[in-house]
Amino acid sequence: MTIAFTFPGQGSQTVGMGKELADTFPEARAVFEEVDAALGQSLTKIMWEGPADELTLTANTQPALMAVSLATMRVLEAKGVDLSKAASFVAGHSLGEYSALAAAGSLSIADAARLLRIRGDAMQKAVPVGEGAMAALLGLDFDQAMEVAQEAAQSEVCQAANDNATGQVVVSGHKAAVERACEIAKGKGARRAVLLPVSAPFHCSLMQPAADAMAKALAEVEIKAPAVPLVANVLAAPITDPEEIRTRLVEQVTGTVRWRESVSWMADNGVTTLVEIGTGKVLTGMVRRIVKSLEGVAVNTAEDIDALVARLEGAES
């Protein structure tokens, strides 16, 4: 069993996430307290009590999801799991890259929280509400989705934002162009083409102001070499150099999240099991659709943590 730890992105959030961990494990509680202190607010109150629309604000969602992932990691570490020995790679979906880097010791938890707050704010401000949109094109492969986006652009922005899994590509850009993409996709045989309930058009060139903000913010933060390589969203390949990590995190704001290719690369390089650390099972649900032989395991409850620890101990003995 060769493992990669993966970390979820936006869309996995739910009110109440992380509460069981905080109530059960002091190590988890300490992470949530550290994130609250870094942000100068009680993010945990929003996470655990809602309202859902406040948690869904991207400036809250991004550090909140990271907090749950790192709380889960700290509990695993307290139970004897050493990431550098347990995993061959880390990877995260969009904001999940920051969680992956914090888990691998590349970023501090406080810096990751502050960076994600800046990232969320900057992404929200980059495009006025109502001018951008994102849509999932289901049943088309990536090349077909790229053709749809190019045809739909018509002097506006429409780009492939997320290559999530085989037959699941998300496009992003100006609202009218994304709506055109939905109609064109249906004409080209897409099973479904649906607008997504998001607050901004992420991972397209409209996010350039946010990329500029992140370049400035990342320049002021210490980034260490991760304990294991990060399979970067924009490359679908591993990196360890701190300066390259900084560069790729900036590129990621406007670039395509190449998740399908990232998972395939890990499988081609010996990974047999992807362990999703945090909340939800979104990434785990994609695993077998990308590579049928891969196993996906979601770890987000005390029971899940104990099961993973027992499995890792069994693999060592």
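A polar contact is taken here as a pair of N or O atoms within 3.5 Å, where, within protein, one atom must be able to donate a hydrogen and the other to accept it, and where residues adjacent in sequence count only if both atoms are side-chain atoms. The structure is a predicted model, in which local features need pLDDT of at least 70 and side-chain atom pairs count only at pLDDT 80 or more, while totals for chains, interfaces and linings use all residues. Residues are numbered from 1 along each chain as its sequence is written, and side-chain values use heavy atoms, with hydrogens and water left out.

An unreviewed UniProt entry places the feature "domain: Malonyl-CoA:ACP transacylase (MAT)" at residues 6-312; UniProt positions are given in the numbering used here, feature names are shortened, and annotations may be inferred rather than shown by experiment. This span is 53% helix and 16% strand, and its end C-alpha atoms lie 16 Å apart. Helices (H or I, at least four residues) and strands (E, at least two) are DSSP runs, numbered from the N terminus.

For "active site", the unreviewed UniProt entry lists S94 and H203. They span 110 residues in sequence, yet no two of their C-alpha atoms are more than 8.8 Å apart, so they gather at one spot. Of these residues, S94 and H203 are both included in the lining of the largest pocket. On a 1 Å grid over the protein atoms alone, a pocket is an open set of points where a 1.4 Å probe fits, with protein on both sides within 12 Å along at least five of seven lines, and lining residues have an atom within 4 Å of a point.

S94 is placed in the loop between β2 (87-92) and α7 (96-103), and with a relative accessible area of 11% S94 is buried. Buried means under 20% relative accessible area, exposed over 50%, and partly exposed in between (1.4 Å probe, protein chains only). When residues up to four places away in sequence are not counted, S94 touches R119, H203, N233, Q252 and V257, contact meaning heavy atoms within 4.5 Å. H203, in turn, belongs to the loop between β6 (192-195) and α11 (208-219), and its relative accessibility of 3% makes H203 count as buried. Leaving aside neighbours within four places in sequence, the contacts of H203 include S94, R119, N162, Q252 and V257. A polar atom of the side chain of H203 lies 2.7 Å from the backbone oxygen of Q252.

Helix α2 (residues 26-39) has 14 residues, which at 1.5 Å a residue should span 20 Å, and its end C-alpha atoms are 20 Å apart, which agrees; the expected span of a helix is 1.5 Å times one less than its number of residues. The buried residues of α2 are A28, V31, F32, V35, D36, A38 and L39. They cover an arc of only 165 degrees around the axis, which puts them on the same side of α2, the arc being that of the directions from the helix axis to the C-beta atoms. An α-helix has 3.6 residues a turn, so residues three or four places apart point the same way. On the other side of α2, E33 and A37 are exposed, whereas the buried residues of α2 pack against α1 (19-24), α3 (43-49), α5 (58-78) and α8 (109-126). After α2 comes G40, with a positive phi near 65 degrees.

In helix α10 (residues 175-187), the buried residues include A177, V178 and A181, and the buried residues of α10 pack against β3 (132-138), α9 (142-153), β4 (158-165), β5 and β6. C158, found in strand β4, is buried, with a relative accessible area of 7%. Apart from neighbours within four places in sequence, C158 is in contact with residues including A177, V178 and A181. The C-alpha atoms of C158 and H174 are separated by 6.5 Å, although these residues are 16 residues apart along the chain.

Some features of the backbone remain to be described. Most residues other than glycine have a negative phi, and most peptide bonds are trans. The peptide bond from G50 to P51 is cis, with omega near 5 degrees, and P51 is placed in the loop between α3 and α4 (52-55). In the loop between α9 and β4 lies Q154, whose phi is positive, near 45 degrees. S155 also lies in the loop between α9 and β4 and has a positive phi of about 75 degrees although it is not a glycine; at 80% relative accessibility, S155 counts as exposed.
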